[in-house]
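Reader: I have a new structure open and would like to learn how to read it. Could you walk me through it?

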Amino acid sequence: MIERCVICKRTKGKENTYGLYMPLPIPEQQWMDISMDFVHGLPRTQRGKDSIMVVVDRFSKMSYFIPNNKIDDAVHVVDLFF
């Protein structure tokens, strides 16, 4: 299919610029390696919160779900978690 499509030929890369997938290192203690993500676009609660900050410990898989506002700045987000 790609051989016949002129647009596909132009946009398809000629080299594989990616390498092999490498697993992340396994943490040695709890709460030494965390991941954070935000869920936006939720309906507003009675207290005015409209998003959730999700913090996950990679070692124990324990997670915290912290309600916040979509417009919160970085300083406020740090205060929520720490």
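Predicted model: local features only at pLDDT ≥ 70, side-chain atom pairs only at ≥ 80, totals over all residues.

Reader: Which strands does β2 pair with, and how do they run?

Author: Six bridges join β2 to β1, and these two run antiparallel. Six bridges also join β2 to β3, again antiparallel. You can follow one row across: Met36 stands opposite Val55 in β2, and Val55 stands opposite Tyr64 in β3. β2 and β3 form a hairpin with five residues between them, and Lys61 in that turn has a positive phi of about 65°.

Reader: Is strand β2 enclosed or open?

Author: Five of the seven residues of β2 (residues 51-57) are buried, so the strand is largely enclosed by the rest of the structure.

Reader: How should I read charged side chains, and how many salt bridges are there?

Author: Side chains of opposite charge can pair when their charged atoms come close. A search of the whole structure finds two salt bridges. In one, Asp33 pairs with Arg58, the closest N and O atoms being 2.3 Å apart. This pair links distant parts of the chain: Asp33 is in the loop between α1 and β1, Arg58 in the loop between β2 and β3, 25 residues apart. In the other, Asp50 pairs with Arg44 at 3.5 Å between the closest N and O atoms. Here Asp50 is buried, at 14% relative accessibility, whereas Arg44 is exposed, at 59%.

Reader: Which residues make the nonpolar surface patch?

Author: Trp31, Ile34, Met36, Met62 and Tyr64 make a patch of about 450 Å². Of these, Ile34 lies in strand β1.

How values were computed
Residues numbered from 1 in each chain as written. Heavy atoms only, no water. Patch = residues over 30% accessible without salt bridge, like charges linked within 9 Å, V, L, I, M, F, W, Y side chains within 5 Å. Areas by Shrake-Rupley, 256 points an atom, 1.4 Å probe, with all protein chains shown as cover. Salt bridge = Lys/Arg side-chain N within 4 Å of Asp/Glu carboxyl O. Helix = DSSP H or I, 4+ residues; strand = E, 2+ residues; numbered from the N terminus. Buried < 20%, exposed > 50% of the residue type's maximum accessible area, 1.4 Å probe, protein only. Pairing = 2+ DSSP bridges.
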